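Hi,

Here is the structure I said I would pass on. Have a look at it first, and my notes come after.

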Amino acid sequence: MNHSSFEEIFEKENAKTLSEKEVCSSISRYLTCALGKDSYTTTRSDWFKSISFVVRERLINMWLNTQRSYYKKDTKRVYYFSMEFLMGRSLSHNILNLGVKNVCENALYRLGQKLENIQEVEVDAGLGNGGLGRLASCFLDSMATQNIAGYGYGLRYEFGAFCQQLVGGEQVENTDYWLQFGHIWEIERPENMYKVRFGGVVKDFMDDEGQWRHVWLHDHAVNAVAYDTPIPGYLNQTVNTLRLWSAKAIEQFNLSFFNKGDYIKSLEEQIKLENISRVLYPDDTTEEGKKLIFKQQYFFISASLQDILRRFKKSTNDFNLFSKKVAIQLNDTHPALSILELMRIFLDIEGFEWKFAWKIVTETFSYTNHTILPEALEKWPMSFFQEILPRHLQILYEINRRFLKNIERDFSKDGEKVKRMSLIEEGEKKMVRMSHLAIVGSHCVNGVSQLHTDILKKKVFVDFYQHTPKKFVNVTNGISVRRWLLGANPELSALISEVIGDGWKKNIEELSALESFAKDQSFQEKWKAVKLKRKKILINHVQKFLNISVSPEALFDVQIKRIHEYKRQVLKIMHVIHLYASLKKRKKTPKVSRAVFFSGKAAPSYEMAKTVIHLINAVATEINNDKDVRDFLKVIFIPNYGVTLAEKIIPAADLSEQISTAGMEASGTGNMKLALNGALMIGTLDGANVEMQEHIGDENMFIFGLKALEIEKKRKDGYDPYEEYLSNQDLCEVIDMIDRDVFSRKRPGIFKPIINELLRKDYFCNTLDFKEYLECQQRVDDMFFLSETWTEKAILNVSRMAYFSSDRAILEYSKNIWGID
C-alpha cells in the first residue's frame, strides 16, 4: 500500500484550480469551525478573517515548495536588512499576485458580501513610516516576482510610529496599536528563537596556541522570536519570506516579587526588555530613547545573523563558500552593526583569523545609502558601545586601526583626510560614524538615483570614493507595478490591457505600446472616464471623513509625503495663498479650478514640520469657508497618511508636486507612483526627477527651480532672502498675509517661526524658487485647460515608466551587487 505524505496530499489539493464553489465552501467552513460563527453572529471582521484563511491556505503550499526548492538547488540567498517594511494591506495584494481576485470576488458576492467592503477591515501593518519602508516592501515583491531567493529581516513592532489626528489643525500623535486584533498573515516560529545579549564586560586571554581570545560576559539578554509573513511573487508560485523579530523576556515575570505583593516590580524587567520591539522609532530626544533605538538595531541584526548562519550550516560548514551563498543588503545605516556582529561571531565563536573573517564579511555585505544630508548620517556615542556592546567596540577599534593604516599609506601627507575618513569622530563626545562603518565593511555602496550617487561621490563620501572608486555604483529606485497600478488602479489597468493586452503586467517594458494611443480621441475619452471615476472615489472619502465637498472637474493638485522642510510643503502652501489672494482680487472667473491635497506625517519632535501642518490646515479653513473662492479653490489635508490612503489619492491625482530643494532628495518614489497613474509632475531637478525627465520627456512635465550646483553656490556665496522678499511683490504679499495673521486671528504670531526661517535664513530656498514656481504653475493651468493635450501627456507619462519598476532595480542589484543570475 502506498502512503502519501501530508505535504503531497496538500500540494495535490492546492494545485487544483480554485473554483467559486470551493471558495464559498472554505469560507463557510472557516466561519463555523475556526471562528465559531453562524449567519446571525458573523461580522465583517469574520468575513475578512475567513477569506484571508482561504487565501493563506493557498499561499502556504507554494511557500513551503519555494523554500524546499531553495535548499534543493542550494541557491544563493539575498537577505534584505531593513528597520522598516511599509507593507500596506495584504489581502488585496495577495489575491492579486496569486491570480484569484475574480474567483474570491465572485464567491463572496454569492455569499452576499462585497470584497471591496471586506478589504476595508484590514489595517495597514505598522512596520514602517515612509519611503525607506515602502521601498523595502516593493523590493520584496520584486524579488519574489523575479524568482530570487530573497528574505526580508526586520522588527515586529507591537505599535507603529503613530496614528496622526488633527486637533484644531495641529498634529496630535495617537497610539498605532496595529496588532490589537492580531495579524492573520503571520506565523509565529517559536522554534526559531535566539538569545540576544547586552552589556557586561570582555575577558581577554591567550589560548594554548598563543593566540589572544576574547569572551564577552554579558549582563542581560532577551529572546528574539521569529514571526514569518509570506511574500508571493506575481503569478509564478514563488513565495518568499519576511521574517520579523519580537523581543520576549527569558524570565516572563519575577515570582518572588509577585508573591510578596509587589506586582509592578514582578513585571518590571520583562517590560523593560520587551520594549525593544514595542514601538517603531521611539522618541530620540532623550538619552534613554536613543539607547532603546541602538538596542533595537542590535537586537534585530543579531537575531537575523544567527538565523542566517543556522540556515547556511544546514547545507555546509565550508565558510569559503559563505559569500557565494549569502548576500546581505543593508537598507541604510540602521543595520550597520551587523558588520561588527558578524566579525564577532567569526572571531570569537568560529575561531577564524582576522584576515579570513574580514574577507568574508566585506564580500557578504553591501550598503544602500538613502541620504545626502550630513546631519542625517547616523552616529552613535562611543559610550553606548562601552555600556551595551563592549566586545563590538574592541572590534570597531581594530577595524578602524587597520583601515586608517591603509589610508595613511595611500594619503600619508593628508592628515585631515585620514581624520575625515575615520570611523570615529573625535571631539568632546566621541561618536561612531555608522555610514563610514557601512562603507568600509561592504564590497559595494549604492545611491538610489544618478544625481544622488553623483553627490555621494563628489561631496558626501568624496574621500572614500577617491580611495575605492569601483565600490560606488548607482541603482535608481523603483516601485512595484503590482501594488501601484494593478492593485491601486484596477480601472486604469483594465483600460491599458484592453488596448495592448496583458503582457505588460509581467513585463512592464510592454507599457511602451501605449504610446501609440496617446492621440487617439476615443481612447482619451475612456482614459478621462477612468480618471473621473477615481476622482469620485477620493471625493467620497473626503466627504465621508472630512465633510469637505470637492468638484471632480477641478485640477487635483497633490503633495503627499513626509512633512519635512526640504520637501517644501511651505513652498506649496505659499502658492496656495497666492492663488487665494489672486482670487479675492479677480476681475474674471479663472479658467481652471483647483483642489489641493496634502497628506503626510511630521516626526513628533520636529516642531517646524508640525507648524507647517498647522499652517496648511489654517489656510485650508480660511479658504474652504470663504464663499467668494471655495468654488474655485479647495485645500484638503487628509490625516494619517499611509499605503492604503495613498492607493486612494494617487489614482485620482492630476498634478504631482515633487518640489524638494534640488540636491536634497535622494530619489523619491512618490514621483514614480503618481506618474505611473497618469499624473503630470511639477518638480525640481532633484533625486529621480532628473531621470524621469530623461525618460518621460521635458515636454511632458513641468520643471522649474535652481539646480543642485546652483543652490550650493548660492549658499556658499551667501544670499539675503529678505531682498527676495522686497523685490518680489507676489512673495511679499504671501508672506505678509501669514505674518499679519490672516490665517491665525485667534492665535496671533503662531506662524512666526516659518516667517523667521523664510526671511532670515531660508536654507531650503523657498524664496529663491518662488517666482519661477508661480510661472510654472501658470503653465500647468494653461495646459490643464487644454483637455486633449493634458490627457495625451498623461498617457505618455504612463507609457514611459518602465525604467522605474522595482523589477528593473532588483535585477540590477542581482547582477551588479549580489552576483546572482
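This is a predicted model: local features need pLDDT of at least 70, side-chain atom pairs count only at pLDDT 80 or more; totals for chains, interfaces and linings use all residues.

Residues are numbered from 1 along each chain as its sequence is written, and side-chain values use heavy atoms, with hydrogens and water left out.

**Salt bridges**

A search of the whole structure gives 55 salt bridges (a side-chain nitrogen of Lys or Arg within 4 Å of a carboxyl oxygen of Asp or Glu). One of them pairs Asp 228 with Arg 189, with the closest N and O atoms 3.1 Å apart. Asp 228 sits in strand E8 (residues 220-232) and Arg 189 in strand E5 (residues 187-198), so this bridge ties together parts 39 residues apart in sequence. Helices (H or I, at least four residues) and strands (E, at least two) are DSSP runs, numbered from the N terminus. Asp 228 is buried, at 3% relative accessible area; buried means under 20%, exposed over 50% and partly exposed in between (1.4 Å probe, protein chains only).

Another bridge reaches across the sequence: Glu 792 meets Lys 519 at 3.0 Å, N to O. Glu 792 belongs to helix H33 (residues 787-799) and Lys 519 to the loop between helix H21 (490-500) and helix H22 (521-546), so parts 273 residues apart are tied together. Here Glu 792 counts as buried at 19%, whereas Lys 519 is exposed at 63%.

Then there is Arg 594 with Asp 557, at 2.7 Å, N to O. Arg 594 is in strand E18 and Asp 557 in strand E17, so the pair ties together parts 37 residues apart. Arg 594 is buried at 3%, and Asp 557 is buried at 0%. Shared partners also join Arg 189, Asp 228, Arg 243, Asp 307, Arg 310 and Arg 311 into one salt-bridge network.

**Aromatic pairs**

The count here is 38. Rings of Phe, Tyr and Trp (its six-membered ring) pair if their centres lie within 6.5 Å; planes under 30 degrees apart are stacked, over 60 edge-to-face and the rest tilted. Phe 312 and Phe 322 are edge-to-face, 5.0 Å centre to centre with 70° between the planes, and both are buried. Phe 556 and Phe 597 make a tilted pair, 5.0 Å centre to centre and 50° between the planes. That one links strand E17 (residues 555-560) to strand E18 (residues 594-599), 41 residues apart. Ring pairs also link Tyr 79, Phe 81, Tyr 151, Tyr 153, Tyr 194, Trp 245 and Phe 300 into a cluster.

**A buried Asn**

Asn 400, in helix H15 (residues 390-410), is buried at 7%. A polar atom of the Asn 400 side chain lies 2.8 Å from the backbone nitrogen of Leu 423. Leaving aside residues up to four places away in sequence, Asn 400 touches Ser 422, Leu 423 and Ile 424 (heavy atoms within 4.5 Å).

**What is on the surface?**

Phe 253, Leu 255, Phe 258, Tyr 263, Leu 267 and Ile 271 make a nonpolar patch of about 540 Å². Patch residues have over 30% relative accessible area and no salt bridge, with like charges joined within 9 Å and nonpolar side chains (Val, Leu, Ile, Met, Phe, Trp, Tyr) within 5 Å; areas come from the Shrake-Rupley method with a 1.4 Å probe, and for residues only the protein chains shown count as cover. Helix H9 (263-274) and helix H8 (255-259) each give two or more residues, and H9 gives the most, with three.

Cheers

Definitions and conventions. A polar contact is a pair of N or O atoms within 3.5 Å; within protein, one must be able to donate a hydrogen and the other to accept it, and residues adjacent in sequence count only if both atoms are side-chain atoms.
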